[in-house]
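Below are my notes on the model, in numbered points. They cover a sheet and its hairpins, then the salt bridges.

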Amino acid sequence: EIKIPKKFEREFSDGFIISARKKSLHVSIWDFGGQEVFYSVHHLFLTKTGVYLLIFDMRELLNEGNRKETLSYLSFWLRSIRLHAPQQPLIIAGTFFANIQNSEEVLVIDGLLKGLTKTNFPQIVGNAEDNLMFFPIDHKEVIGISQLRNIVEATIYNSGSSEEVPLKWIALLDEIVKKKKGNAYLTLTQVRNLGLSAGLSSIEEQDAAFELFHVRGCVVHLTSTQILKNLIIIKPQWLVEGISKLIRDKTLHPFNEDDIRAAGLEDDLKLMKDNSIVSEDFLEYVWEHDQVAFFVDFMQRTMLLSPWKDDKYLVPSLLNSMFSGQGSLRGFKCIFDFSSSFLPIGVFQRLICLCVASAYIDNKEYSREPTLYANFAEIEFKPGLVFRLLEEKELERISLFVDNNNPKSAAKAYSMVMSMLRKLNYDAFGAGLRWDVLLQTSSGDLVRYAEAKDEKIFPWFENDIQENLVGAQNVDLGSFLDSL
């Protein structure tokens, strides 16, 4: 294996690296969609090799009417970055500095940010020059821009992103980059041929190079199924745009109803709007008949889409009706409590995906069609096994309710939901989610899992539920669902 001499060392930061000069800096900048509907796909692009820049409007923090919402928004992003990239540098910048009246207002903002982060975000790169934890800037008046740019560059250089690789890997990457013009993706065969031309003669070495390019954000190459593995995406934006064609904010990005009518898909659009169910014909339309099988497989494997009856699919992220009958829910209750850490948007939606997919495997045709809301699901897996799931965002918890008249199903319901949470944690959240389990006793009290297990609390420990948990790490999704 040839190691690159220092004068030829190339840096693999976040983007395609073409120049060989040691001090050159090439980055890819990703601007994440601000609409909530996109939050469930952020895990695909919040990588463990990025440098993060969190931008906020300082005026919003000084406005007491908007302060609570702004702090909540900042908290979401801080915790999302910490969840997916806990070791990566994070720089915070506040805009509209020219509108700030005096230094006291800057200190007020700094105090609010320090109260929000406390000691939980050691990766934040502070503003040592001004003794602040953020960088005040103003683009229009060109205030603080050079300082921020210097900090970003220095942070990237010092983030440990450089790595020595064989020169022939660089040659392969250069050939892939050349193909970007006119191509959003290449087939695995095409890229393997490029690898052979660059001198990567073994499949093992080629796969190692592909993995590095994927980790560094140069390409997107997923390998969990053959359909996914057969495509190497050389323009990651193509993947983002493809997902956004389906998971979209219907208010800001409505479908062209004239086009829908011309395609004869009016009923399909109504089904999607009313029930978040999409037909195969509608998916063909949305993705313009381009790599539809890839997108369906991709969204199933990332738990953004699940099979439905009659060759249709459920997209839980599109559910928008809210369930308001929390007070009417009865049954044995189990709480999955994320309040000590973070319950990201996308967890509950993926849990619904796994539940519906599992129920579909058991039933093929649902004997009792699931009742679904953005924050609630009632699902029958098989006769006698029905449970309800409720997400309470403000309390950062998910509750499981099992019918009182079937106590024997409680342990099974718990083991299924717990296994699903572990699966989506490993596959979609980098094993960064943390939660506590509270189980309801027959007297209505809630006790922690360990105490309930020690005391064999009815009905959760009629059987040894720990032994019923299904393996989740490094397990194919299809095999996982078959094992539930």
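1. Start with the hairpin of β10 and β11, which has three residues between its strands. This is a predicted model: local features need pLDDT of at least 70, side-chain atom pairs count only at pLDDT 80 or more, and totals for chains, interfaces and linings use all residues. Residues are numbered from 1 along each chain as its sequence is written, and side-chain values use heavy atoms, with hydrogens and water left out.

2. Strand β10 (residues 371-372) pairs with β11 in the antiparallel sense over two bridges. Pairing here requires at least two DSSP bridges between the strands. Strands (E, at least two residues) and helices (H or I, at least four) are DSSP runs, numbered from the N terminus. Thr-371 stands opposite Glu-378 in β11.

3. β11 also pairs with strand β12 (residues 385-392), antiparallel, over six bridges. Ile-379 has Phe-387 in β12 as its bridge partner. The two strands form a hairpin with two residues between them, and Gly-384 in the turn has a positive phi of about 90°.

4. Buried means under 20% relative accessible area, exposed over 50%, partly exposed in between (1.4 Å probe, protein chains only).

5. The open sheet has seven strands in the order β10-β11-β12-β13-β9-β14-β15, with antiparallel pairing. Its edge strands are β10 and β15 (446-448), each pairing on one side only. Six bridges join β9 (residues 332-337) to β13 (residues 397-402), again antiparallel. There, Lys-333 has Phe-401 as its bridge partner.

6. Now the salt bridges. The rule is a side-chain nitrogen of Lys or Arg within 4 Å of a carboxyl oxygen of Asp or Glu. The count by this rule is 19. Asp-258, Arg-261 and Glu-266 are linked in a network of them.

7. Lys-178 forms a salt bridge with Glu-175, with the closest N and O atoms 3.1 Å apart. The two are three residues apart in helix α5 (residues 167-178), about one helical turn. Lys-178 is exposed at 57%; Glu-175 is partly exposed at 28%.

8. Asp-207 and Arg-192 meet in a salt bridge of 3.0 Å, N to O. This pair links distant parts of the chain: Asp-207 is in helix α7 (residues 203-215) and Arg-192 in helix α6 (residues 188-198), 15 residues apart. Arg-192 counts as buried at 15% relative accessibility.
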